[in-house]
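Please keep the sequence and the three-dimensional view open while reading this briefing. The points below are grouped by topic, moving from one chain as a whole to single elements and residues.

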Amino acid sequence: MSTAFDPDTSRAPVSQRRQTVAQTDPKNLGAMVTAVIDDVEVKVPFGTTILEAARTVGINIPTLCNHDDLCVAGVCRICVVEVEGQRTLQASCAYPIFDRIKVRTFTPRVRRARANIISLMLRNHYGECYSCAKNGICELQKYAEEYGITEYKFGHIEKPRYKTDTSSYALIRDMDKCILCKRCVRTCIDLQEVGVLEAAHRGARTKIETYMGKPLDDVICINCGQCVNRCPTGALREKDCTDDIWKAIDDPAKHVIIQTAPSPRAAIGEAFGLPPGTSVTKKLNTALKRVGFDAVFDTNFTADLTILEEGTELLLRLKKALVDKDASVALPQITSCSPGWVKFAEHFFPDYLDHVSTAKSPQQMFGAVVKTWYAQRNNIDPASIVSVSLMPCTAKKFECERPEMNDSGFQDVDFALTTREIANMIKKCGMDLPRLPDSDFDDPLGVGSGAALIFGATGGVMEAAIRTAYEIVTGEEVPFEKLRVEPVRGMQGIRSAELPIPKAVDDWKFLEGAVLKVIVAHGTANAKKVMEMLAAGELTDYHFIEIMACPGGCIGGGGQPVPTSLEIRKARVKAIYGEDESLAIRKSHENPVIKKIYEEFLTEGPCGHKSHELLHTHYVKRGKKIG
Amino acid sequence: MSEQYEGPIVFSEIEPYAGLKAALEKKKIDILSEVRESNLRGRGGAGFPTGVKWNLAATAKEDKKYVVCNADEGEPGTFKDRILLTRMPQLLFEGMVIAAYVIGADEGFVYLRGEYRSLFPGLENILKKMREDGALGANILGKEGFHFDIQIRMGAGAYVCGEETALIESMEGQRGEPRNRPPFPVNTGYNGFPTVVNNIETFVNVPHIVAKGAEWFKGFGTEKSAGTKLLSVSGDCAKPGVYEVEYGISIQDVLNIVEAQETQAVQVGGASGICLAEKDFGRRIAFEDVPTGGSFIVFNKSRKMIDAAGNFLKFFEEESCGQCTPCREGIPVLIEGLERIRSGECSEEYFQNLQSLCETMQLASKCGLGQSVPNAFLSILDNFKSEYELVS
């Protein structure tokens, strides 16, 4: 049961880390111990928790504070069980098995304790389920139902205690629904190493707070939304903008288009009961058209554009550094597709922003192209276009509101919706997504390559860039079977790879014989490690780094269906790689519409004047100072 | 309060460094057996056998180990550790040095209650003097290769930091919240290394045991509770103060010593302890009967015990760390429930809900604080039924 949680970087106390098996003789590591759980005997690896051992015999102990991606907390106490020889009940999520153990998971004392604990949680859980964004996917609701809670045994709060924080473009914090499980705290500090949230005050006044209780948009939140994915209740959610979308769709004067990113199509099925890893691209197209969008486009188109722009930028940086001997060129170059990562870099590494590619993210390139090239070609007044995106991401909501993102003369992207929001819109229309017929994307911005599609998985941008850049430089296809650039794939937090360039075409002769060195990192805890190496001058011989803010890359984004786990993320990644191989066009530079846009519109080519105007941006040195 | 302290063990005569010198002449394993043989149990209240604890730390295979003195005396009604810190700090430090010698630690800490900051300079002076005497630092008292020193770390006034794992969290600079156990501090303690955490009184007993022998020590107290206990006596009595009593002494005997009159109840063990009524005054202070960390609060017949229960709950409401559900959310329910009981509005059914909640708090809270919150509440409601009436 491996997790994304890395004990080496954790701030969590030693005893609360998942792997707490260091305390006895190391020879026991890897040994098997016997657990007798409700009279069923099972052998588990030394150090396995009671919770994990129970799962292996088909017993699901309820949990609220426990999350497989996070370090142990042991605070909600709903997972308590009887351990033979112990006077008190024990939290099964936090109890590692070192010796033969006898456990009972549903004795009368356990059942009473769990029911009381749920009643205690409901006491200060303000509001009713039917008026909650997490209605139907709330874990507290699920257990209240399981334990037959039909009345508020210990009372129920009638007035809100706190003001809901709606200051962020991306996230809403409603502390009246918080049950203090601290999953958000552990996500923010241990998983992402951002550290915006912490428990403040004591006892019944305990509250999860930002620094000095400041609004979320005033602190160093990167909007990644990983806390939303792990919050068991409605205390954390994205800022829902579906009402604005309905209004636009209902307005005949508006031309409402939607671009859809690759990751939601590999995950939205989960919201309709499909198993993780079921790709529903073409059914989703049908659903979006029926919802009422005037055109359904593919963000993969601008992902391909990103590869051309960002890849060219890299080659130009290399040329400046190696041929022109310009020492001011920042290398390695780092990707800029992930708005959570970009804001992380702006806060934590403001002195290294010149390493970040100036290329906008695919979402923002798309926005700039729709209100210019697309509007001109189709004789549509750009002022009447409402540009919507479907993203796996909450940080995209912040990104599209960035003041510099209006190079088309308008706000380039008007609304960024999460996978969850779109799933709700589709449900509202009474559509059962899995049963819809297939349909294609609309022209002309509906053509994307397989390289663009794999942007959704960690390592995907790197692989797409390698498929194109290698071919531009050498004139030959990358030397990997079925174009699978395996060295940059996988789920390891930080991966590095080397790619020799044995020969080069005339334009790029200076690269002949060079070895391209790259790094891929996902999750900002890993990004921090990479950036610390960069700051220490240890990466001077590297050329290109891909960083995604979320574990697993975009498929694990903060806007994706809940729940999330390593297994779910792996299934989504698999779906994306599978779909890539089913496509005819699998390299960004072979996308015919990309060729067309450089012929018709961006006539100076990648990184030309017009590209710079529309498709590139700059960053803000934010630092960590909170005003 | 009496200024003279006399008693069979803790307050008995002992030469400076007598215990430490005796220890350094012995093998570690022999000291360990002596401590184990003496049946010394932790004086903080839980009563874990000290020899077993030390043995676990001694056998843990780590290069770094720590000895920590829990000087976060915070239980309402206890003040005996303050007397030890002012009267015999050197004996405490000697006890720590012996522990360090036995388990193989080279660093020690005294986690001093925030409210005891005024004791800090005096304790620092003693440490300085001990360094000058060679009883702290390198090659202690000439023992080649045995290095150990003690630092004082200040608490910030949280009661829960008296819980040993919360104390360690606090020492590490984290929020003072109890950890999950297992693992226990003896193998995963301060900074993840094996750590022995003992109460001041426990450490003070150690030099006596090493110098005078386990047999001598076992000559006091009962079979299961060897030695003596310091009691902090307060409340309705003529002679409040700190007393060293042998384990096995009855509540009534203590009341006689402190000249308490018209006694209605005794709260033994502070807010987290239990409330005894007259019918229980024959019970004995001992691990096998009424265990205590040392607080002994006397209530005479003019007191309303239900108010006392309310005061204890208010204390816990203030001091709960707030991390686990039963404790954080349960205490306000008990306070509300007690209010209903007091005002005669509590139904039989709700009373049963409260009792069920108490069971949950005792069984499912993460640490001893939450687990012991219902003790006073339940025992007071049980013993003083005449003070309230339920509605049917």
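**Briefing on chains A and B**

Chain B contains 14 helices and nine strands. With a radius of gyration of 21 Å, close to the 21 Å that the globule rule gives for its 392 residues, chain B is as compact as a globular protein of that length. The model is a predicted one, and every value in this briefing should be read with that in mind.

**Chain B as a whole**

- Taken along the principal axes, the box filled by the C-alpha atoms of chain B is roughly 75 × 45 × 35 Å.
- Of the 392 residues in chain B, 55% are buried.
- When contacts in chain B between residues at least 6 apart in sequence are considered, 72% of them join residues at least 24 apart.

**Val97 of chain B**

- Val97(B) belongs to helix α5 of chain B, which covers residues 89-103.
- Because 30 other C-beta atoms lie within 10 Å, where 20 or more are required, Val97(B) counts as buried.
- Leaving aside residues up to four places away in sequence, Val97(B) touches Leu20(B), Ala135(B), Leu136(B), Ile140(B) and Phe148(B).
- Val67(B) is 30 residues from Val97(B) in sequence, and the C-alpha atoms of the two are 8.4 Å apart in space.

**Helix α17 of chain A**

- Helix α17 of chain A runs over residues 566-582, and its 17 residues should span 24 Å at 1.5 Å a residue, which agrees with the 25 Å that separates its end C-alpha atoms.
- The buried residues in α17(A) are Ile568(A), Arg569(A), Arg572(A), Val573(A), Ala575(A), Ile576(A) and Asp580(A).
- Seen down the axis of α17(A), these buried residues fall within an arc of 155 degrees, and they therefore line one face of the helix.
- Gly578(A) and Ser582(A), on the other side of α17(A), are exposed.
- Among the elements that cover the buried residues of α17(A) are α7 (262-265) and α14 (450-453), both of chain A.

**Where chain A meets chain B**

- The contact between the two chains involves 35 residues of chain A and 36 residues of chain B.
- Helix α2 of chain A (residues 108-123) supplies eight residues to the side of chain A that touches chain B, which is the largest share.
- By residue class, that side of chain A is made up of 17 nonpolar, twelve polar and six charged residues.

Technical notes: Residues are numbered from 1 along each chain as its sequence is written. Chains are lettered from A and ligands numbered from 1 in the order in which they are written. This is a predicted model: local features need pLDDT of at least 70, side-chain atom pairs count only at pLDDT 80 or more; totals for chains, interfaces and linings use all residues. Helices (H or I, at least four residues) and strands (E, at least two) are DSSP runs, numbered from the N terminus. The radius of gyration is taken over C-alpha atoms; the globule rule is 2.2 Å times the number of residues to the power 0.38. A residue is buried if 20 or more other C-beta atoms lie within 10 Å of its own, exposed if 12 or fewer, and partly exposed in between; C-beta atoms are placed from the backbone. Two residues are in contact if their C-beta atoms, placed from the backbone, lie within 7 Å. The expected span of a helix is 1.5 Å times one less than its number of residues. The arc is that of the directions from the helix axis to the C-beta atoms. Ala, Val, Leu, Ile, Met, Phe, Trp, Tyr, Cys and Pro count as nonpolar, Asp, Glu, Lys and Arg as charged, and the others, Gly among them, as polar.
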